[in-house]
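Open the model in your viewer and keep the selection panel at hand. The stops below go from one selection to the next.

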Amino acid sequence: MYQVPLPPEYTDLSAEEIRSRIHAAKAALGSGTVILGHHYQRDEIIEHADHRGDSYKLAKDANLHPEAHTIVFCGVHFMAESADILTPDHVKVILPNLAAGCSMADMANIFQVRKCWQELQRVLGDAMSVVPVTYINSAANLKGFVGENGGTVCTSTNAPTAVAWALTQGEKVLFFPDQHLGRNTGARLGYDPETEMVVWDPFKPLGGNTEEAIRSAKFILWKGHCSVHKRFSLEQIAKARAEHPGINILVHPECELEVVNAADFNGSTEYIIKTVESAEPGSKWAVGTEINLVNRLAKEMPDRLIFCLDPQICPCSTMYRIHPSFLLWTLENLVNGVVVNQVVVPDKVKRFAKIALDRMLTVCA
Ligand code: 13P
Ligand code: SF4
């Protein structure tokens, strides 16, 4: 999405000035404006958030304040869209920087998914029994697609429950856009990644598969990935274990299967936080997820050794686009009665996308 440049008066402010003006704008706006912050946001944003959480928690938190008429979503575009879908029509959802997308979400679009569906129909015939499941990291129209075709949304918190439910509704699952979360989830449910899963490459005929392979697969996994989580490796795990005997390896399920299998624990960002928080003082943790979250954990719990599994800094570059000066710009506009950067999901998309999100919230409650 295109983001208009910040007005010049917002580009040269000191961090302290931005901070105090955000406080002032928030106070002026009162409880009708709620700020949500994803765990990957930088500390200078998180300190202003009324609620912080993972994608699942924030999807639910979007509706926590019946008095709210505006939600400022400090996260990425698909999260703001989900909040717009799940909140009543009068609630406006604002993304402080419209260029804050998700590169994984961009790896599947509605045209590619429709084409895949048609090809599956051709191969599997009238008796096709495929349930589409989209990771919440996807555009609203893909959520609409799954809602319209009997499927559900999932998050990294509830993927096993959502996929297990999908397999009660049909014989196969088409999982997009993250092949790794799909594979990890299928493996966790007892399916064999080698013999029961195929990868669908949207740039190849039949996704790069034979008709026979598609017929015998239980899982059709979209060829998408997260560029942050793809960086974590077996070598990093071996190094952490060699250098810190007794260390716990804790990773996000967007990592590759071999990394998840070699780790001691895996789960969503909310799970990662709870696991480290409930650990013994003195325990050691190498964490395979985004650096802002890992650094915050290390700062908040100095009595534990906590570091990022990848020694190279690995921020989510799109989450990072929510700079405090953008937050300030959106809030001060609101104080002046001007709504900038509203994310609006068109009604015809919203209808089925809401069915898919509500299904997730019901199935995984
Ligand atoms: P969580 O739902 O675990 O917060 O993950 C969202 C995400 O984008 C991870 O890369
Ligand atoms: Fe998307 Fe990966 Fe960033 Fe999460 S960490 S928002 S999946 S690019």
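Predicted model: local features only at pLDDT ≥ 70, side-chain atom pairs only at ≥ 80, totals over all residues.

Residues are numbered from 1 along each chain as its sequence is written, and chains are lettered from A and ligands numbered from 1 in the order in which they are written.

**Domains.** Colour the protein chain by its domain assignment: domain 1 (8–102 + 318–346), domain 2 (105–226) and domain 3 (229–308). These bounds come from an automatic or database domain assignment. Domain 1 and domain 3 have C-alpha centres 28 Å apart. Between these two, nine residues of domain 1 are in contact with eight of domain 3; contact means C-beta atoms, placed from the backbone, within 7 Å. On the domain 1 side, two of the touching residues are nonpolar, three polar and four charged. In this classification Ala, Val, Leu, Ile, Met, Phe, Trp, Tyr, Cys and Pro are nonpolar, Asp, Glu, Lys and Arg charged, and the others, Gly among them, polar.

**Ligand 1.** Select the residues around ligand 1: H39, D54, S55, Y56, N137, T155, S156, C226, E254, S268 and T269. A residue counts as near when its C-beta atom, placed from the backbone, lies within 6 Å. This shell has two nonpolar, seven polar and two charged residues.

**T155.** Stay with T155, in the loop between β6 (152–154) and α7 (159–169). Helices (H or I, at least four residues) and strands (E, at least two) are DSSP runs, numbered from the N terminus. Is T155 buried or exposed? T155 is buried, because 22 other C-beta atoms lie within 10 Å; the cut-offs are 20 or more for buried, 12 or fewer for exposed, and partly exposed in between, with C-beta atoms placed from the backbone. Its contacts, leaving out residues up to four places away in sequence, are D54, S55, Y56, I136 and S268. I136 is 19 residues from T155 in sequence, yet 5.5 Å away in space, C-alpha to C-alpha.

**Ligand 2.** Move to ligand 2, which has 13 residues around it, the closest being C102, M104, C226, V228 and C316. By class there are seven nonpolar, four polar and two charged residues.

**Core.** Select L36, I71, F73, C74, V133, C154 and V287, which touch the most other members of the largest nonpolar core, a set of 108 residues. Such a core is a set of buried Ala, Val, Leu, Ile, Met, Phe, Trp, Tyr and Cys residues joined through C-beta atoms within 7 Å.

**Helix α4.** Show residues 77–86: ten of the ten residues of α4 are buried. They pack against β1 (33–38), α3 (55–61), β3 (70–74), β4 (92–94), α6 (140–148) and α15 (347–363).

**Sheet.** Finish at the open sheet of four strands, ordered β11-β10-β12-β13 with parallel pairing. β11 (265–266) and β13 are the edges, each with a single partner strand, so one side of each has no neighbour in the sheet. β12 (residues 284–288) pairs with β13 over four bridges; pairing requires at least two DSSP bridges. Zoom in on two of the bridges: K284 partners L305, and W285 partners I306. In β13 (residues 305–308), I306 and C308 form the covered face, L305 and F307 the uncovered one.
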